[in-house]
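Open the structure in your viewer and keep the selection panel at hand. The tour goes stop by stop, with something to select at each one.

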Amino acid sequence: MKTYSYLTMTFIVLATVITGCKDQGENSNGALTSNAAERVYVEPGKFDEFYAFLSGGFSGQLAVYGIPSGRLLKVVPVFSQDPEKAYGYNEETKPMLNTTHGFIPWDDTHHPDMSQTKGVLDGRWVFMNGNNTPRIARVDLTTFETAEIIEIPNSAGNHSSSFVTENTEYVIAGTRFAVPIPQKDMPIKDYKGNFKASLSFLSVDQESGEMDLSFQIRLPGFAYDLVHPGRDKSHGWVFITTYNTEEAHTLLEVNASQNDKDFIAAVNWKKAEEYIKQGKFKTEKAEYAHNIYDEDTHMATSTIKNEVRVLDASELPGLVYFLPTPKSPHGCDVDPTGEYIVGNGKLSADLTVHSFTKMLDAIENKKFDGEAYNIPILNFEDVLGGTVKQPGLGPLHTEFDGKGNAYTTFFISSEVVKWKLGTWEILDRKPTYYSPGHLSIPGGNSRKPWGKYLLAMNKITKDRYLPTGPEVSQSAQLYDITGEKMELLSDFPTIGEPHYASMVPAELIQSKSKKIYRLDENKHPYATTSDANVKVEREGNEVHVYMTMIRSHLNPDNIEGVKVGDKVYFHLTNLEQDYDVPHGFAVIGAENSELLVMPGETETTVWYPKKVGVWPFYCTDFCSALHQEMSGYIRVSPADSNTELTWSLGD
Amino acid sequence: MKKAGLLMIIGSLLLLGLFKFPLWNIELEAPQYPDPLGMNIYIQGIEGEEEFDIQNIDGLNHYIGMRTIPKPEDMWEFGVFPTVIIIMVALGVLIGLLGIFEKVSYKWFMGWFILMSVLGILGMYDFNAWLTDYGSNLNPNAIMKLTQPDGTPMTYSPPLLGHEKMLNFDVTSLPATGAWMMFTGMMLTIFAFLVGWTKRKKV
């Protein structure tokens with residue numbers, strides 16, 4: 001029977017492909033219609049081969065897709081409030097969005113990067129930057145929840161972040177917008193020489209994953225665009241593209257595009273560690289929030305920290321060198337061997353590749369071409385590894401397949417170009433639809449790429465899908481890169497604007513994914529782990545409801561004695577210990593969101609009763625055959641009434 | 001008789017497996033439970049295949065008014081069965097030893113086997129009676145009161161042996177490792193009897 005349905009399925013797929021050929025063979029849809037459908041088709045009930053973690057861009061979240069199917073598996077709320085999951089709405093997760101600017105309900109997420117061990121993606125955590133109010137988040141890949149958010153002080157435009165070193169020693173965060181450090185009231189036109197930038201090194205605890213702002217390197221006030229930690233032989237270094245080395249403060253599109261060459265900054269972080277050890281840092285005042293979600297208490301705490309250790313690149317020799325790189329380079333990408341550093345000069349006709357070996361030699365033999373703010377500029381010819389001639393227009397980002405090939409996106413000419421490291425010859429080019437930003441190959445930024453697929457994340461969608469009014473979703477395109485030529489397999493829409501994606505073989509993560517939270521490990525101070533502990537307590541005008549949820553009732557489901565003007569805390573504990581049985585909770589007139597409580601978890605929502613009456617609450621997640629019955633009433637009496645506080649279930 | 005007595009001893013000792021391995025296993029599979037819920041029935045009590053299986057089975061059973069799955073202290077069987085097994089093991093080993101030293105005849109081996117079989121059948125009978133009661137003695141205020149096509153109330157007794165479709169669940173009930181060890185042990189005692197019998201014929 002199974003074989004039979006298999007055959008039928010294959011037949012249907014083939015039929016579709018053949019029909020597809022007939023209908024669209026002459027179309028400009030770009031896909032090779034041979035058997036592309038089969039290669040992205042994942043049978044019902046079967047799993048995808050890879051997880052893809054795509055940033056949500058201006059949605060502030062992280063999207064999890066299955067590859068090759070392009071199916072959306074989950075949206076993990078990170079920097080933006082999410083009423084669906086009560087993230088940033090319930091009492092437990094509000095502290096996650098706390099900053100020194102107050103409670104910030106949104107951010108712009110850019111570069112998810114996965115933890116690594118010995119230069120190989122390891123499936124422990126995904127780190128991601130908030131660009132607007134500078135922060136770095138850590139998403140735990142056993143729960144697929146945001147576990148930590150740390151604010152980055154002395155930073156603005158946290159774009160060149162959150163890139164991970166070979167053994168997850170550090171998550172590195174740069175600054176796109178130079179600012180006065182410390183911040184002060186001063187004329188904008190005095191930018192040049194006065195505004196500065198920071199490169200932050202967040203150390204990571206290898207057990208808990210907890211981040212700590214270890215130190216910052218103070219840099220001249222250029223725009224630091226993208227970062228790539230060295231790999232293998234260049235481990236211990238980090239490379240950062242810059243633009244606006246002109247230090248313009250207005251009309252940047254013109255004024256920051258004047259220099260023939262900007263820089264790739266090469267930072268020796270092993271040297272930085274030495275300087276820290278020698279005490280060559282200055283401890284500066286800098287306020288920043290550090291927010292941690294505790295999986296046992298199911299609660300986040302926010303702590304404000306006050307200091308940061310700073311190393312000044314202009315004063316400490318050997319810490320930073322500048323590699324001249326043509327025309328406002330954007331992406332900065334290091335190949336798996338660590339030898340080649342690709343500067344994707346977005347306004348350049350050619351692609352510049354620096355050689356790490358030559359760079360070390362140039363440093364040793366002082367082949368300098370001047371300096372900037374006391375930082376040596378290496379001689380361009382002496383660090384140049386090679387040039388890819390006329391590859392396309394507007395190169396942005398490069399990834400690698402581990403077989404000696406590099407793949408670069410071209411925004412302006414809207415294509416992906418495959419070229420060979422070392423010979424610099426162009427091997428293939430395929431159009432993308434349209435104007436790709438980042439691309440991602442599983443492990444393509446590490447020592448060990450799994451060079452099977454390439455995902456291009458496009459900035460412009462236009463006519464790729466059925467129209468949905470003026471606003472259309474962003475679009476990603478999946479290519480098969482196992483052959484000599486790339487093959488377009490599929491299009492799929494994405495949330496927000498994905499800037500980068502980290503893709504990893506599913507087996508590194510799937511078996512570690514949690515199914516429930518253990519009730520006997522629930523340390524939430526307001527947890528109700530058995531029906532015997534259900535209660536309602538009044539403390540002045542605050543009322544605490546200790547409520548449980550299990551198929552198919554809420555306990556208590558009748559509450560009386562609440563008054564207008566009270567502040568009611570509903571503390572909901574899901575008593576289930578069964579996979580995929582969350583319960584929701586909503587109460588009429590709530591000013592926040594629902595709760596969506598996972599098995600064994602406790603969540604709290606605050607409700608302000610404003611009107612006298614008897615008001616319902618109910619489970620929002622269709623949990624069971626009697627889900628509709630999973631509801632209750634809360635009686636709200638006038639502020640001056642004497643209604644006794646009572647609660648019950650089933651009388 | 002030496003070989004036969006040894007077989008008798010090994011056969012009876014195999015019953016000790018019942019203290020470590022489950023006697024019976026009942027699995028419940030449904031569309032919502034692609035990973036089946038499972039109960040392992042030991043002679044000392046019932047445990048879930050996975051940590052929370054019993055809790056989850058009870059949770060589902062409350063809809064159709066079934067009682068919760070009994071704890072060891074709720075059923076006298078879980079006290080008596082281990083004692084009976086210990087006695088039978090001791091008896092078997094004793095008979096085996098006496099057999100080796102030619103103190104008893106090989107017929108005692110058959111005697112042990114018959115006694116064990118009778119006890120086994122009684123145990124199965126009791127187990128089946130419990131299954132029937134557990135599945136049909138339902139809470140009159142059950143949330144879902146379903147009837148058969150002929151109008152009689154639906155019951156939910158799991159099968160003693162084999163497979164049955166119950167509402168959305170496929171229920172499969174089969175002997176488990178402990179039972180297989182017991183059966184093997186009992187077969188060995190018959191074999192011991194046969195060996196004793198053949199040897200005697202040759203003499």
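Which residue of E26(A) does Thr352(A) stand opposite? Select both strands and look across: Thr352(A) faces Thr387(A) in E26(A). Bear in mind throughout that this is a predicted model.

**Stop 1**

Next, go through the pairings one at a time:

- E21 (residues 329–334) and E22 of chain A pair in the antiparallel sense over 4 bridges.
- E22(A) and E23 (residues 351–355) of chain A run antiparallel and are joined by 4 bridges.
- E23(A) and E26(A) are also antiparallel, over 4 bridges.

**Stop 2: Gly343(A), with a partner on each side**

Center on Gly343(A) in E22(A). Cys332(A) stands opposite Gly343(A). Turn to E23(A), where the bridge partner of Gly343(A) is Thr352(A). That is the residue from the opening question, facing Thr387(A) in E26(A).

**Stop 3**

Carry on along the chain. E22(A) and E23(A) form a hairpin too, with 5 residues between them.

**Stop 3: E22(A) from both faces**

Is strand E22(A) largely enclosed or open? Select residues 340–345 of chain A. 6 of the 6 residues are buried, so the strand is largely enclosed by the rest of the structure. Tyr340(A), Val342(A) and Asn344(A) point one way. Ile341(A), Gly343(A) and Gly345(A) point the other way. Burial holds for both sets.

**Stop 4: a second sheet in chain A**

Move to E3, E2, E1 and E35 of chain A. Here too 4 strands form an open sheet, ordered E3-E2-E1-E35, with antiparallel pairing. Strand E3 (71–76) and strand E35 (501–505) of chain A are at the edges, each with a single partner strand, so one side of each is left without a neighbour in the sheet. Neighbouring strands are turned by 20° against each other on average, direction ignored.

Zoom in on E35(A) and its partner. Strand E1 (residues 50–55) of chain A runs antiparallel to E35(A), joined by 5 bridges. Phe53(A) has Ser502(A) as its bridge partner in E35(A). Tyr51(A) stands opposite Val504(A). E35(A) is mostly covered, with 4 of its 5 residues buried.

**Stop 5: the domains of chain A**

Color chain A by domain. Domain 1 covers 2–40, domain 2 covers 50–62 + 69–512, and domain 3 covers 519–648. The centres of domain 1 and domain 2 of chain A, taken over C-alpha atoms, are 38 Å apart. Their contact takes 6 residues from domain 1 and 10 residues from domain 2. On the domain 1 side, those residues divide into 4 nonpolar, 1 polar and 1 charged.

Select Glu38(A), in helix H2 (residues 36–40) of chain A. With 13 C-beta neighbours inside 10 Å, Glu38(A) counts as partly exposed.

**Stop 6: chain B**

Finish on chain B. 5 of its residues are in contact with 5 residues of chain A. The chain B side of that contact has 2 nonpolar, 3 polar and no charged residues.

Which stretches of chain B does UniProt list as "transmembrane region"? The unreviewed entry gives residues 80–101, 108–125 and 178–197. Select 80–101 of chain B: the span is 95% helix and 0% strand, and its end C-alpha atoms lie 32 Å apart. Then take 178–197 of chain B, which is 100% helix and 0% strand, with 29 Å between the end C-alpha atoms.

Notes:
Residues are numbered from 1 along each chain as its sequence is written. Chains are lettered from A and ligands numbered from 1 in the order in which they are written. This is a predicted model: local features need pLDDT of at least 70, side-chain atom pairs count only at pLDDT 80 or more; totals for chains, interfaces and linings use all residues. A residue is buried if 20 or more other C-beta atoms lie within 10 Å of its own, exposed if 12 or fewer, and partly exposed in between; C-beta atoms are placed from the backbone. Helices (H or I, at least four residues) and strands (E, at least two) are DSSP runs, numbered from the N terminus. Two strands pair if DSSP finds at least two bridges between them. Two residues are in contact if their C-beta atoms, placed from the backbone, lie within 7 Å. Ala, Val, Leu, Ile, Met, Phe, Trp, Tyr, Cys and Pro count as nonpolar, Asp, Glu, Lys and Arg as charged, and the others, Gly among them, as polar. UniProt positions are given in the numbering used here, feature names are shortened, and annotations may be inferred rather than shown by experiment. Axes are lines fitted to C-alpha atoms, for helices over the stretch in contact, and angles run from 0 to 180 degrees between N-to-C directions. Domain bounds come from an automatic or database domain assignment.
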